[in-house]
Amino acid sequence: MINNRNTGPTPLPPAVLDAMAQQPLSHRSNVFREAFAAVTAQLARLVNAPDPGLLLSCSGTGGLEASIASTVSAESRVLVLSAGSYGDLLVRIASRFTPTLDIMHFNPGGTFDLAALQKQLMQASYDVVLLTHSESSTGVYHPIALVTATIRAHSDALVLVDVVSSLGAAPIDMVEWGADVLVGATQKALMAPAGMAVVYLSARAQRCVEQHPVCRDYMHLRPWLEASRQHGVPYTPAVNVFQGLAAAAGLIFAEGLPARYQRHQDASARCRAFFADHDRVCCVAAPQHASHSITALHLSDVLSASSIKNRLEYEHHIVVSTGLGPLAERVIRIGHMGHFTLEEIDEALQAIAQVIEKESCGYGD
Ligand SMILES: *Cc1c(COP(=O)(O)O)cnc(C)c1O
């Protein structure tokens, strides 16, 4: 058995595997329509969204692209807040749709500087602001409620938040946040198979999508929004992924949200406590910004992330993720999202410590 502690796709509960292994529903049947209405209502409850979310058949990046394609046009002025690789992903996608893009970069491992943001918002007027809640490259949760309050105080911009790696792992309240678009995906803390993106729209965002020119047939939200109002989808969805997601949504509410969020927080706390006094690794995120989904460990210069990852996989049957972008060899990332026990986290931590010990001493190959 592999202890999969990577950053997604995450392990699936047996009931989810069973649901995926059933014959595909016809997406034009009443049974699908009823299941779709139930699942999207559950997913809306998860984040206190005003309306059921849209389910697109694509990974999280597809959900981000479709959302940006549907709210940003060549005339839009866009601001992106980035403190890591997933913030940079928003920059890359947005740059395909508008030339008028301002980017605020913040230190990886830290969060957004609200005073700097306030200053920026007073200098320019934006149509859309893009940011990430859970920055999976550094293991940081950005304080979205504070950020959106700052944006709202100075701007009418639509606020789009990437919640791909926090949806299902930590409390998200779309109304309290005052966010307009949230984009999640099935394969992380929702403990569902890879293949669907979840997009939530505020009333304002829905109006924007309705008025925005439909510049593409598939990766634009308008057809998905119109179909979702009839509890359906415009094109053939990833039906077996949906069936797995339906089972996962049931399990999420059966566990109960407070217990679920506590389990994620406990996993994060264990990872941080375990390496608190370690002389070869330290957590990338400051404690007050620690993600409950992913713990990123910064390695001392003598260590190689890919070498540690390979040894964990071959010698311990534990899979972790290396860093991303410039941090690729300097960081390893432990995923604790969705379907896991704290014992599995402890087992992974022990193995990581052993491997780091071996690698530091130059033992073995
Ligand atoms: C995983 C992830 C994504 C999207 O990844 P996909 O592979 O396209 O599903 C986007 N943002 C964050 C923060 C992520 O962790």
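Helices (H or I, at least four residues) and strands (E, at least two) are DSSP runs, numbered from the N terminus.

## Basis of the report

This is a predicted model, in which local features need pLDDT of at least 70, side-chain atom pairs count only at pLDDT 80 or more, and totals for chains, interfaces and linings use all residues. Residues are numbered from 1 along each chain as its sequence is written, and side-chain values use heavy atoms, with hydrogens and water left out.

## Backbone features in loops

Most residues other than glycine have a negative phi, and most peptide bonds are trans. The bond from Gly8 to Pro9 is cis, with omega near 0°. Pro9 belongs to the loop that lies between strand 1 (3-4) and helix 1 (14-20).

Asn48, a residue other than glycine, has a positive phi, near 55°. The loop that holds Asn48 lies between helix 2 (30-47) and strand 2 (54-56). With a relative accessible area of 36%, Asn48 is partly exposed; buried means under 20% relative accessible area, exposed over 50%, and partly exposed in between (1.4 Å probe, protein chains only). For His317, also a residue other than glycine, phi is positive and near 55°. His317 is located in the loop between helix 12 (305-316) and strand 13 (318-319), and its relative accessibility of 44% makes it partly exposed.

Strands of a sheet pair through backbone hydrogen bonds, either parallel or antiparallel. Here an open sheet is formed by four strands in the order 11-12-15-14, with antiparallel pairing. At its edges are strand 11 (281-283) and strand 14 (321-322), each of which pairs on one side only. Two strands pair if DSSP finds at least two bridges between them.

Five bridges join strand 12 (residues 294-299) to strand 15 (residues 331-335) in the antiparallel sense. Within this part of the structure, His298 stands opposite Val331 of strand 15.

## Packing of helices 10 and 11

Helix 10 (residues 239-255) packs against helix 11 (residues 257-274) at an angle of about 90°, and their axes are 5 Å apart. Axes are lines fitted to C-alpha atoms, for helices over the stretch in contact, and angles run from 0 to 180 degrees between N-to-C directions. The two helices are therefore roughly perpendicular to each other, a term for angles of 65 to 115 degrees.

The contact (heavy atoms within 4.5 Å) involves Ile252, Phe253 and Glu255 of helix 10, together with Leu257, Ala259, Arg260 and Arg263 of helix 11. Its residues comprise four nonpolar, no polar and three charged. Ala, Val, Leu, Ile, Met, Phe, Trp, Tyr, Cys and Pro count as nonpolar, Asp, Glu, Lys and Arg as charged, and the others, Gly among them, as polar.

Key: Angles under 35 degrees count as roughly parallel, over 145 as roughly antiparallel, 65 to 115 as roughly perpendicular and the rest as oblique.
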